[in-house]
Amino acid sequence: MKKNPSLHLALCLSFLVISTLWGSPPEALKWFFDAGGGQELLERDKSCSPGVIQGGRWVEDEGRKCLDFDGATAVQVPVNQNIVAGGGLGISVKLRWQGQLPPKTNGGTILFLAGPQRSFHLCATYFGYRPGSGKWVLVPYQLPVDRWVNLGVSYEGTRLRITVDGETVVEKNDADDLGHDGEWLFKDVRMGRFWKDAVWGFKGKMAECRLSFVPAKKLGAISDGERQDWLRKLEPLPDVEGCESSMRSIGGTPTMTVDGKPMPPLTGFFGYLFADYGRKFKPEEQHIQYARALAKAGIRTYHLTFWLPSSAQELRGVEAIAKRILEYQPDALFVLRIVTRPTQRFADAYPDEVCRFEDGAKSYFKRPGVAGGGKKEQPRHSFASRIWERETVEHLKTALATVHQSSYGNRVCAYIIGAGACGQWLQWGDYDWEKHHLDYSPAMERAFRDFVRRKYGGDLARLRSAWQDERITFETVKVPTPEERGVDIPDSCNGLPHKWKDGFGFFRNPKAGHHVKTIDYSLAFAHELDQRVMYFCRALKQLTRERKLVGAFYGGEYSILGYMAEGHVGHHAIMDCPDIDFWVDPWPYENRSPGFPVVRGWATSSLHAHNKAILVECDTRTSVGSTKEQSLRLFGGALTPEGDVWELRRDLARLLTMGGNGYWFDMKLGWYDHPNLLAEMGRISSAAQRNFSLDSRRNSQIALIYDLGSIPYAAEWLNFLTIARQRIMEMDFIGADHDIYDIEDMELVARDPSYRLVIMMNCFAPDAAKRGKIESLKRHGRTILWVTAPGLIKPGEQPSMDPTYIRDMTGIRVAAKDGQHPFLMRTLGNAFLPDLAAGTVAGDFTRPIVSGHGCTPEKPLERLPLALSPKWVVEDEAAVSLAEYQEGGGVGMAARSFKKWNSVYSASPAIPSDVLRAIARKAGVHIYNDQGDIVWHHRSLIGIHAASEGVKRIRLPGNVKVSDFMDGSAVAVDGEGFSVSMKHGETRLFQTLPASAK
């Protein structure tokens, strides 16, 4: 059942008790039996139809006129209108019970209310309720026999109270929140019995029955100051005990710790053990066997999930799963994954706070699963909604109070908060992007207006100049129209053409006002999304008294699609936020197959510099499963259990060398349930523990720098090429590892002379401050590789875009040729790159796409030749030509040496690994392997994943001893390195120590 703590039900004790608790709430229905007679039970205020009596007789008892129920008597009240109980509902009955029970021993129906969403059952021995389509929940109590009493039930939040004559007889805090997702529509209200037969009938007398309704309290506008003040006053939960988690630096790497001990990098598990969903794939006995095997393999940290709003019934289900896991792994720790979901109740209560499309519609959505289920037409909250933010934190507080009072609460070490599409903090994207646009809600419009005022400092002249609109005012700012935004559909296959007016090829033109307006909107939406992430994480920290690690699904901007529409374009505020300890995301899905790398989706070096950890969802597909489950192969699964082992070890090798954490995600409960895989998990658990004794600091000599602020200035296809595909297809095949930085942290690169090669991946529109920092890179004799159009745009300056800006940044003069052109090039033989053979492919990718798009290694995706606009041509006589276009002529790659640095320019964002390796070697980077295999490393480990079968030659950076990290066996070093025979897709991990070490 979905839970809505902001609209708590309050099933009131009695009219007097109601007045005590809430003052005098309005009462919707009141039947006083002294007004009755014959076959009608009257409702004095005539707010609904009178009750129709079936059987029974009117009597007097102790001066009261009452109706005598004999077990067969029933009163049915037709309800001709909706009964809405958004804030609360109370029931109070005056009755005298004979103490007799009908054949159904839990029976004795006093009052029954039935509706399609909720049903309530007040009986002589229990109060029951059915939340939505869920199972009945029964709460027993003792009703006095043979005397008149006032029986009342109240429900407030998750507190259920049953009283007799005002005295509490039952009080429970773990009952389901009876909040609703829409209106309560009661078409059936009965007293005495509710079935045609008498098996549930009440035997006794009733003199009065009241239903009391409390209207929902609605939140008004929430200002910046109010939202922060409210958060500061948020009271911590009283019973946050058990394990204490924090971040520490171990081996030179930010590390998640529990009670001062590091969490192993890869011994976590997220599956569906003992859950109803998991039982669809395996019977109970196999759950038990799997749980035992995982515990034996060293799995200690288990992820559990619940949704917000969440019912106590759902939370009890999570607790039941935790208890079962603890039976087989008594030392288990738990990471709670909390994901928000839209509700109809919120949409009805706050229509201005839900997303709207360009025509005002609230839903053109196609896949309700990405929003946590429900109906396709279900409206979804706007990420600009501060009311949704407030209610979510209220839900969070209620749920965590239950968690920390549970039997496993002291074993919870970390929380992950998720929202948006698939819980990954992405704007809802399951609609036709060519026909529709988001978000035109009043909430987002207000947020956009505030953002624009802040950005332009309240200077109307600046705004009008930027947007080229002399009539605009800060009060009339609106979300850009579809015509102003154009169409820019995300695609990671072959690129869908964008459609916008007055652009500059694959770039938005800052000289056109509607493009600046669209860019401003993208930044405003990203700002709002970031504000919600930080608010929720601060609330989690505060509620848990800073004793637990807190993270969020975030940072996938290095692999996701829809960069501008989905909102991850300005994450440095998230990186700076002290309340976020780690980011979570899966490996990117493209080209995960054996022989390819698993690619980092984060600026890992920047995250580490900000004391944040990376938690990777290793949803690694395996060969274990039915032939029908071919998505295992489609998303990179191996064909044999031996290949599966190499894939798991590939995850470990990448995590250890990059300083990350991970957990196995078994989506169908059984992907890893194989002796070979479970044995490998045991070896990985042992190896992961040994990693903490190593010097795990990075020793890469290549730095990649990304400018997320440039994303709104480019088409989504160009963004994907520069941000994700270049790394997926080429970077890991160089034979040397690389670090990834956000441009805001590039001073860390500038002052570290060990970085010999710096690659500026998408630096299209750096502002003045960033340009100054870029200049500091040009020293230490390092080489800088520039991609496509670095520095083309100067935001806020005049002129705002000029190809001469590229020369100012790179030192190499280039010109733009209009129109879309193929970017395939061939290298030229020259002294600058003597190791690169003439005729080598440049300017396009050389590897097939073998997973992630409905393709497999056996049937790769047919990839179209890369074509972009404009065509960039080097026209600089002082530069050395490195590669020429194959169609239309012209130099597309060139280099130029300066006194303190070398500049290499590539017009294409696709630079094959052979070319990258030659540039890296020229820059002085140590190349471990030049055979096109995947090599990862830090100061103590070298990981190799074989892209082909054969003998692999590894060149070492110094005089070291080498051993196999998994089994400890010595590896013979001859000369400057060692050789090892490997099969295609095999993964090996080696430890290095100085030759003098013992």
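In this predicted model, D502 is found in the loop between α9 and α10. Its phi is near 60 degrees, a positive value in a residue other than glycine. Q468 likewise has a positive phi, near 55 degrees, and is not glycine. Q468 is found in the loop between α8 and α9 (residues 482–485). Its relative accessibility is 51%, so Q468 counts as exposed, the cut-off being over 50%.

Helix α10 spans residues 513–543 and packs on the sheet. Its contacts there are with β22, β23 and β24 (residues 549–553). The direction of α10 makes about 155 degrees with that of β24.

Eight strands close in the order β20-β21-β22-β23-β24-β25-β26-β27, with parallel pairing. From one strand to the next, the twist averages 30 degrees. Six bridges join β22 (residues 333–340) to β23 (residues 412–418). Within this pair, R337 stands opposite I416. Helix α6 (residues 386–404) also packs on the sheet, touching β21 (residues 301–308), β22 and β23. The direction of α6 makes about 130 degrees with that of β21.

The largest share of the lining, seven residues, comes from α10. At least two residues each are supplied by α7 (442–455), α8 (460–467), α10 and α12 (572–576). By class, the lining holds 17 nonpolar, 11 polar and 10 charged residues.

C355 lies in the loop between α5 (residues 344–349) and α6. Its relative accessibility is 0%, so C355 counts as buried. Beyond its neighbours within four places in sequence, C355 is in contact with A361, K362, R380, H381, S382, Q427, W428, L438, D439 and S441. C355 and H945 are 590 residues apart in sequence. In space, 45 Å separates the two, C-alpha to C-alpha.

Two cis peptide bonds complete the description. One runs from L308 to P309, with omega near -5 degrees. P309 is found in the loop between β21 and α4 (residues 312–328). Another joins S869 and P870, where omega is about -5 degrees. P870 is found in the loop between β36 (residues 867–868) and β37 (residues 871–874).

Notes. Residues numbered from 1 in each chain as written. Predicted model: local features only at pLDDT ≥ 70, side-chain atom pairs only at ≥ 80, totals over all residues. Heavy atoms only, no water. Pairing = 2+ DSSP bridges. Helix = DSSP H or I, 4+ residues; strand = E, 2+ residues; numbered from the N terminus. Axes fitted to C-alpha atoms, helices over the stretch in contact; angles between N-to-C directions. Contact = heavy atoms within 4.5 Å. Nonpolar A, V, L, I, M, F, W, Y, C, P; charged D, E, K, R; others polar. Buried < 20%, exposed > 50% of the residue type's maximum accessible area, 1.4 Å probe, protein only.
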